[in-house]
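Visitor: I would like to learn how to read strand pairing and a chain contact in a model. Please take the features one at a time.

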Amino acid sequence: MFENIRADFMCEYRSKKGSRSIDYLQWLLLDYGLQAVVIYRFGRWLNFLPKHSLVWLITLFLYPLYWLMSAWTRNAYGIDLDQSADIGPGFHIYHFGGIEVRNCRIGSHCNILQQVKLGSAKTTDKTLVIGKSVYIGAHAHIYADVTIGDGATIGPGAVVTEDIPPYCLVLGNPGRIIQRDYDNSALL
Amino acid sequence: MSLVSKYILMAHRRRWPDRSITFASCLWLLACTPGLRLLVIHAMARWLHLKRIADGRTWYWRITYSPLVLLLKVAERHTNKTDIQKDCEIEGYICLSDQGHIILGAKKIGSGSVIGARVTIGRSHVNGGRPIIGRNVWIGSDCVIYGAISIGDGATLLPGTVISKNIPANIVMQGNPARLVLQNFDNAELRDLQDLDAIEYIKTKWDA
């Protein structure tokens with residue numbers, strides 16, 4: 001959990017280019033996306049704790065804490081990071097409101113923006129898979145169980161229904177590949 | 001704070017055209033319309049921001065006004081998921097949707113514009129340019145406008161439009177990628193309608 005959270009803070013640090021040091025407390029209070037991601041990591045950590053008899057006593061108190069905090073991020077910020085999503089380290093959320101992430105596997109160093117909806121509601125063995133360092137623009141919807149390659153860029157308002165190869169720029173509804181070999185290092 | 005009273009009077013006239021304006025009705029209006037509340041809080045935050053720039057960062061501005069404005073802004077974020085950047089210049093009265101999820105980071109928004117629910121107007125992450133919205137623009141719900149662009153006066157963006165290029169005046173755009181629907185369209189009637197009736201109005205224009 002702590003390595004992942006450190007990677008999330010480093011991602012936040014990179015996005016704030018003017019800041020000189022990592023201000024943990026202020027960022028946790030004022031950056032709602034970071035707060036939601038940290039609470040999600042805490043929930044995942046609880047789920048994967050070893051199942052000993054004494055650990056069960058600790059989780060009895062920590063689970064209600066997690067439920068309260070996740071309900072807070074869901075209702076107050078509109079950021080719903082479900083436990084069915086497997087999110088890699090260095091996840092960064094810009095802004096807040098209308099974010100739903102469920103039933104998907106997300107690689108490391110991905111960025112999402114507000115009103116982004118990822119993952120289908122149905123639970124099959126095939127899930128949505130998103131590669132490393134993918135940028136997903138505002139209001140983008142990915143409901144289908146597709147595979148999105150490393151370094152892909154999903155433009156604002158795009159609706160993706162097909163598999164996307166690595167390093168592609170996808171725009172429009174329905175989503176179409178506008179450019180291959182698109183470098184999104186400036187966006188992340 | 002003449003700007004705040006102007007916003008409240010304009011909203012009052014828009015919402016209850018036949019009712020007399022009293023202090024109690026103005027308070028009730030502020031309590032029941034989140035869009036107006038957001039605008040008023042933004043006016044306060046921007047006034048503070050400009051004052052700070054004029055004076056330099058002095059400690060008494062920080063202590064007296066900024067905790068109150070920050071508290072109001074955070075409360076508005078939590079209840080409506082709305083956020084307006086303090087460097088976004090709004091000239092005159094604009095009408096914001098009461099349903100929330102609005103994020104505004106434009107450089108300038110003209111007077112008389114109408115902005116629907118779940119609208120994002122912000123900077124491009126590629127070059128950091130911010131849009132300039134003209135006067136009397138009608139922006140439907142779920143629109144995204146980004147990049148260093150300008151949108152002409154009296155333009156109409158139908159719901160669900162994504163705009164990243166310059167738009168001329170008096171034009172109707174729709175879709176993602178955005179395409180031109182109508183030219184020389186006057187959206188005065190559309191802007192006078194409340195949010196729910198606007199969809200029906202567009203449908204009637206569509207058939208005609």
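Guide: Keep in mind that this is a predicted model.

Visitor: Which residue of E14(B) is the bridge partner of Leu157(B)?

Guide: Met173(B) is the bridge partner of Leu157(B). Met173(B) also has a bridge partner in E15(B), namely Leu180(B).

Visitor: In what sense do E14(B) and strand E15 of chain B pair?

Guide: Strands of a sheet pair through backbone hydrogen bonds, and the sense is either parallel or antiparallel. Here E14(B) and E15(B), the latter spanning residues 179-183, are antiparallel, with four bridges. Their hairpin has four residues between the strands, and Gly175(B) takes a positive phi near 95° there.

Visitor: How should I read the open sheet in chain A?

Guide: Read the strand order, which is E2-E5-E8-E11 in chain A, with parallel pairing. Strand E2 (86-87) and strand E11 (147-148) of chain A are at the edges; each has a single partner strand, so one side of each lacks a neighbour in the sheet.

Visitor: How many bridges join strand E5 to strand E8 of chain A?

Guide: Three bridges link E5 (residues 104-106) with E8 (residues 128-130) in chain A, and the two run parallel. One of the pairs is Arg105(A) with its bridge partner Val129(A) in E8(A).

Visitor: How many residues of chain A are in contact with chain B?

Guide: The contact involves 17 residues of chain A and 15 residues of chain B. On the chain A side that touches chain B, seven residues are nonpolar, ten are polar and none is charged.

Notes:
Residues are numbered from 1 along each chain as its sequence is written. Chains are lettered from A and ligands numbered from 1 in the order in which they are written. This is a predicted model: local features need pLDDT of at least 70, side-chain atom pairs count only at pLDDT 80 or more; totals for chains, interfaces and linings use all residues. Two residues are in contact if their C-beta atoms, placed from the backbone, lie within 7 Å. Ala, Val, Leu, Ile, Met, Phe, Trp, Tyr, Cys and Pro count as nonpolar, Asp, Glu, Lys and Arg as charged, and the others, Gly among them, as polar. Two strands pair if DSSP finds at least two bridges between them.
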